[in-house]
Amino acid sequence: MTVDSGARPSLTLSGRPMSSPLQDVRSLSRQMVGHFVENVVPCGTLPGDAISGDVTTITRVCLEFAVSMLDGQDIPAKLQRLQDAAAGWAREGVPIDTIHHSIHEGFKIGLDLVVSNASTKDYGNLVDGAKMVVEMLDQITSAISVAYVRELRAVVSEHHTAVHTLTSALLGGHSTSTMARECGIAIAASYAVIAVAIPQHRDERNPAVDGQVVARRKLRRAQAELATRCGSSALSLLSVDGGTILIPSVAFGKEQLDALITELSRAAQVGITATLVEATPEQIPNAADQAHELLDMVQRLQAVAGLYRFDELALEYQLTRPGPGREYLGSLLDSLDEHPELLETLQRHIANNLNRQRTARVLHVHTNTVDYRLKRIGQLTGFDPSQPSGLWYLRSALVARTYRTP
């Protein structure tokens, strides 16, 4: 082992610098890149200019860095070149596992060359060389990983800002094709405008934990599921309590949208309630208002979690409009004011789609008790909940009652 003018001793094998087999970095880098193309997926699918340009250049930089360290020199500028390249790879979407795998493949090739002429007398130097290789890999992989992740976060932040900008513009009625091009997101011909209500997670009310952290984690899980299910096609403005999602109409069918809300509920670990209105881009502001009004009505009715469409609740929605009809319908349940258990039973029964067993479970009573209460409701109001006409009036009365002027 000899001492170089650098910060650390250079390494030798059989009296020669250990870096000797790596000195022709240009020729060796081309050989390594050929190996990557043949053996490292997806290097073989990269564009030709990327192979001959970035990949070859960075392979050469790694070799020069290895030679410098074996010769006892540290060159920070070479690490900076690797970090700059890693940032570019992050923006181009080159998987980081492919990058690291290629680096390790290159190190294996280089190590084979370095030790090919070693003898048993070189054992000590080989141990030192092995330690140096680990240090090289540590510095290179750390530098690349830090730069890659930093740039990826910036890319994600830019995309999030673009999505936020375009979604806000669509909801505000100010979107333009120019804005869409600047954001890099195409505007669809029509959208499913979905108003979303996200209830509190049970742990948000737990005094032993930080409720705000629980709420943010709940939201992140829902957003991650939305991204997994919809990719970049969904535009959303969501808070821990809910918000609005815009999904291109061609992207999902009716059953898929129902399943989407179910999966968002599973991910968030709460029962999400949502309402949907179809709209062209120009109609989105009014459609969003309508969807949220519909959502408010569904929540007032204490309906079970799930996705509700405007055409399914158009009549109930119309009953929420001000006027003498709403006031009249709202008064039909005044006779139940002195019997809160009957009013709750009616609300639960309708919210549970007239399922007596489910209503009984929610109220912790026997189904016979539910039957008795429904019969009593008919006697007090004059509308029999077991008859279609009576049920229609009672359901309408529940809707109108929540909007009555105090």
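These are my notebook entries on a predicted model of one protein chain.

**Ground rules**

I work with a predicted model, in which local features need pLDDT of at least 70 and side-chain atom pairs count only at pLDDT 80 or more, while totals for chains, interfaces and linings use all residues. Residues are numbered from 1 along each chain as its sequence is written, and side-chain values use heavy atoms, with hydrogens and water left out.

**Entry 1: the whole chain**

I began with the inventory and found 15 helices and seven strands. These are DSSP runs numbered from the N terminus, H or I of at least four residues for helices and E of at least two for strands. Of the 406 residues, 45% are buried; buried means under 20% relative accessible area, exposed over 50% and partly exposed in between, with a 1.4 Å probe and protein chains only. I noted an accessible surface of about 21,100 Å², with 53% belonging to carbon and sulfur atoms; the areas come from the Shrake-Rupley method with a 1.4 Å probe, and for residues only the protein chains shown count as cover. I then looked up contacts (heavy atoms within 4.5 Å). Among those with a separation of 6 or more, 68% are between residues 24 or more positions apart.

Next I traced an open sheet of five strands, with order 4-5-3-6-7 and mixed pairing. Two strands pair if DSSP finds at least two bridges between them. Strand 4 (235–239) and strand 7 (306–309) are the edges; each has a single partner strand, so one side of each is left without a neighbour in the sheet. Neighbouring strands are turned by 20 degrees against each other on average, direction ignored. For axes, lines are fitted to C-alpha atoms, for helices over the stretch in contact, and angles run from 0 to 180 degrees between N-to-C directions.

I followed strand 6 (residues 273–279) to strand 7, where the two pair in the parallel sense over four bridges. Ala-274 has Leu-307 of strand 7 as its bridge partner. Helix 7 (residues 211–230) packs on the sheet and touches strand 4 and strand 5 (242–248), its direction making about 170 degrees with that of strand 4. Helix 8 (residues 254–268) also packs on this sheet. I listed its touches as strand 3 (191–197), strand 5, strand 6 and strand 7, with about 140 degrees between the directions of helix 8 and strand 7.

**Entry 2: two positive phi values**

Gln-269, in the loop between helix 8 and strand 6, has phi near 65 degrees and is partly exposed at 44% relative accessibility. Asn-353 has phi near 55 degrees and sits in the loop between helix 12 (340–351) and helix 13 (356–363). Its relative accessible area is 59%, so Asn-353 counts as exposed.

**Entry 3: two threonines**

I found Thr-367 in helix 14 (residues 367–381), buried at a relative accessible area of 19%. Its side chain makes a polar contact of 3.5 Å with that of His-366. The term covers a pair of N or O atoms within 3.5 Å; within protein, one must be able to donate a hydrogen and the other to accept it, and residues adjacent in sequence count only if both atoms are side-chain atoms. Leaving out residues up to four places away in sequence, Thr-367 touches Arg-356, Gln-357 and Ala-360.

Thr-402 lies in the segment after helix 15 (388–401) and is partly exposed at 29% relative accessibility. I also noted that the C-alpha atoms of Thr-402 and Gly-330 are separated by 7.6 Å, with the two residues 72 apart along the chain.
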